[in-house]
Amino acid sequence: MHDEELYSIGDAARRSGLSVSTVRFYSDEGVIDPTSTTEAGHRQYDVHAIARLELVRTLRDLDTGLDEIRRLLRGGTTLQGLLTAHLEVVERQEHVLRARQAVLRALIKQGGTTTQADLMHRLVSMSDEEREQTIEDFWNEVGEGLDVPDGFVDRLGTMRPRLPEDPTAAQLQAWIELADLVRDPAFRDAVRAYLRDGYSTAPGSVIASEPMQEFIHTTGAPITEDLIAAHHAGEPARSPRVQELVERFVEATAALADGQDTSRMRDRLASAFLLADEFMREEEGPYAAGTAWYDQTHGRYLSLVAVINGTAAEESDPVPYLSWIAEALRSSASDA
């Protein structure tokens, strides 16, 4: 095409990928004026007009309104600004489509009714504050009057779902399932029963006590993580590296108990780990990860929160390293 050559409306339509009627419509609406008109009244377009027609076609494919296109072509906005605005629209549409996809999948899976469809739509449309309140109500009811150490349920309740600004379909599906679960009185009762039976008496009540929870999750967490990492790496319990970690662990534990580091204390710590190992290996034990009771109650809550937050789920079988730590402690006690 030559810059000064003029093309009929049919040629302009063919070159821009539009129909003749559409090109005529854009002319009548004042979007793209023809370059000139013949004496017989036929519209003609040069290469610049055809290029603008191609741009309009692209923008219309993105659902851009004619008023926006007019402003762009008349210099009222920039192409960069217009494309940026439309990217935001497309991203919002993507979020809506993902939410709808999650709702549809959940409904198909559950054989949903009209009532369930309405509920799921409201769940994915919740604000951050509404989602937070839903979880807050769940933990308040679960913990009310529960005979477990003070502060334990509050600590469990800090593990909250945080739906990202741009969630995936899997995260939305997990949120739908979690929100449905925490509203279910039967699920709330099951979680209460699991926590009561697992943590109201020893050894669960010892694990759930405030000093022990503080040590597990705060002061002793880095040292424990280092020990677990050494176990995963295949380090022998009696290796110098592991024994060095044991020294740090015992020092921190002694400070927690306001006691002194002695061989007897190390032996008692080893016995405690072996007790925890036995407790968690019980097939019917309420604390045992991987059992039906755990997986259907608190374990299910945690696994869904992990999906929503995009974090790795907690290790489903924490048992192997407990007896290994006990062996490391016993070894250090014999050398002390």
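These are my notebook entries on a predicted model of one protein chain.

**Entry 1: ground rules**

I number residues from 1 along each chain as its sequence is written.

**Entry 2: the whole chain**

I started with the secondary structure and found 18 helices and 3 strands. Helices here are DSSP runs of H or I with at least four residues, strands are runs of E with at least two, and both are numbered from the N terminus. Next I looked up burial: 38% of the 336 residues count as buried. My cut-offs are under 20% relative accessible area for buried, over 50% for exposed and partly exposed in between, with a 1.4 Å probe and protein chains only. The chain exposes about 18,700 Å², and carbon and sulfur atoms supply 50% of that area. Accessible areas come from the Shrake-Rupley method with a 1.4 Å probe, and for residues only the protein chains shown count as cover.

I then checked contacts, meaning heavy atoms within 4.5 Å. Among those between residues at least 6 apart in sequence, 66% join residues at least 24 apart.

**Entry 3: the nonpolar cores**

I went looking for nonpolar cores, which are sets of buried Ala, Val, Leu, Ile, Met, Phe, Trp, Tyr and Cys residues joined through side-chain atoms within 4.5 Å. In soluble globular proteins, nonpolar side chains tend to be buried together.

Which residues touch the most other members of the largest core? Of its 30 residues, they are Phe138, Trp139, Trp175, Leu178, Leu195 and Tyr301. Helices α7, α8 (152-156), α9 (169-182), α10 and α17 (298-309) each supply at least two residues of this core. The largest share, 7 residues, comes from α9. I also noted a second, separate core of 19 residues, which includes Tyr7, Ala12, Tyr45 and Leu66.

**Entry 4: aromatic rings**

I paired rings of Phe, Tyr and Trp (its six-membered ring) if their centres lie within 6.5 Å, calling planes under 30 degrees apart stacked, over 60 edge-to-face and the rest tilted. The count comes to 7 aromatic pairs. Phe25 and Tyr26 make a tilted pair, 5.9 Å centre to centre with 55° between the planes. Phe25 is partly exposed at 38% relative accessible area, whereas Tyr26 is buried at 6%.

Phe138 and Phe187 are stacked, with 5.9 Å between centres and 20° between planes. This pair links distant parts of the chain: Phe138 sits in helix α7 (residues 128-143) and Phe187 in helix α10 (residues 185-199), 49 residues apart. Both Phe138 and Phe187 are buried. Together with Trp139 and Tyr301, these two form one aromatic cluster.

Not counting residues up to four places away in sequence, Arg188 touches Asp137, Phe138, Glu141, Val142, Val182 and Arg183.

**Entry 5: salt bridges**

My rule here is a side-chain nitrogen of Lys or Arg within 4 Å of a carboxyl oxygen of Asp or Glu. That gives a count of 11 salt bridges.

Asp11 bridges to Arg14, with the closest N and O atoms 3.5 Å apart. Asp11 and Arg14 lie about one helical turn apart, because they are 3 residues apart in helix α1 (residues 9-16). Asp11 is partly exposed at 28%, and Arg14 is exposed at 56%.

Asp67 and Arg70 form a salt bridge at 2.7 Å between the closest N and O atoms. They too are 3 residues apart, in helix α4 (residues 66-73), so about one helical turn separates them. Asp67 is exposed at 52% relative accessibility, while Arg70 is buried at 14%.

Arg43 and Asp28 meet in a salt bridge of 3.1 Å, N to O. The pair links distant parts of the chain, 15 residues apart: Arg43 is in strand β3 (residues 43-45) and Asp28 in helix α2 (residues 20-28). Arg43 is partly exposed at 22%, and Asp28 is exposed at 54%.

Conventions. This is a predicted model: local features need pLDDT of at least 70, side-chain atom pairs count only at pLDDT 80 or more; totals for chains, interfaces and linings use all residues. Side-chain values use heavy atoms; hydrogens and water are left out.
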